[in-house]
Amino acid sequence: MFKNLFGKKEKDVDKTLEIKSPMNGSYVPLEDIPDPVFAEKMMGEGFGIDPSHGEVVAPVDGVIMQVFPTNHAIGIKTDNGVEVLIHIGLETVAMEGKGFEGFVSEGDRIEVGDKLVTFDIDLVKEEANSTISPVIITNSDELASFDIQSVSDTVKGETVVVRTAVK
């Protein structure tokens, strides 16, 4: 009964979502990411970006749900419940935050294009396994559709990489 009095009604929430690239760079199919946890979709559907610059922006509107202490990964929840994880590089947790600077905190409301993290791309190339950065829908089982768009080079906050919808 009170659902109708407070907040958005379920039918008012847009079930479709465009996920834009969080970085300038090149699109990498999920299956081509050189890490089986991501490539085999153990964490969910998604894609990768091989960044050309060290800045990460919000690929969706939503709320910051998690900022890893090392700033190498950020979790965002959209208004329609899609959970998006951005993981900068592979095996970057071992860098213990060196070369990463965060600009958001848990609970922050963000919009597409807002700066989330900057990182030293040369340091990541030197110390991590790869600069390829997975963008994963961690609750993929909640999706009704997941459509990768035909893209190659990406512009942060502008290039639509995925169109999806929740059930």
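The questions and answers below concern a three-stranded sheet, an aromatic pair and a histidine in a predicted model.

Me: Are the planes of the Phe100 and Phe119 rings stacked or edge-to-face?
Reply: The structure holds one aromatic pair, and the ring centres of Phe100 and Phe119 lie 6.1 Å apart. Planes under 30 degrees apart count as stacked. Because the planes of Phe100 and Phe119 stand at 25°, the pair is stacked.

Me: How many residues apart in sequence are the parts that Phe100 and Phe119 tie together?
Reply: Phe100 is buried, with a relative accessible area of 9%, and Phe119 likewise counts as buried at 7%. Since Phe100 belongs to strand S8 and Phe119 to strand S10, the parts tied together by the pair are separated in sequence by 19 residues.

Me: Which side chain forms a polar contact of 3.4 Å with the side chain of His87?
Reply: His87 lies in strand S7, which covers residues 83-87, and is buried with a relative accessible area of 13%. Beyond residues up to four places away in sequence, His87 touches several others, including Phe38, Thr92 and Pro134. The polar contact of 3.4 Å joins the side chain of His87 to that of His72.

Note on methods. Residues are numbered from 1 along each chain as its sequence is written. This is a predicted model: local features need pLDDT of at least 70, side-chain atom pairs count only at pLDDT 80 or more; totals for chains, interfaces and linings use all residues. Side-chain values use heavy atoms; hydrogens and water are left out. Helices (H or I, at least four residues) and strands (E, at least two) are DSSP runs, numbered from the N terminus. Buried means under 20% relative accessible area, exposed over 50%, partly exposed in between (1.4 Å probe, protein chains only). A polar contact is a pair of N or O atoms within 3.5 Å; within protein, one must be able to donate a hydrogen and the other to accept it, and residues adjacent in sequence count only if both atoms are side-chain atoms. Contact means heavy atoms within 4.5 Å. Two strands pair if DSSP finds at least two bridges between them. Rings of Phe, Tyr and Trp (its six-membered ring) pair if their centres lie within 6.5 Å; planes under 30 degrees apart count as stacked, over 60 as edge-to-face and the rest as tilted.
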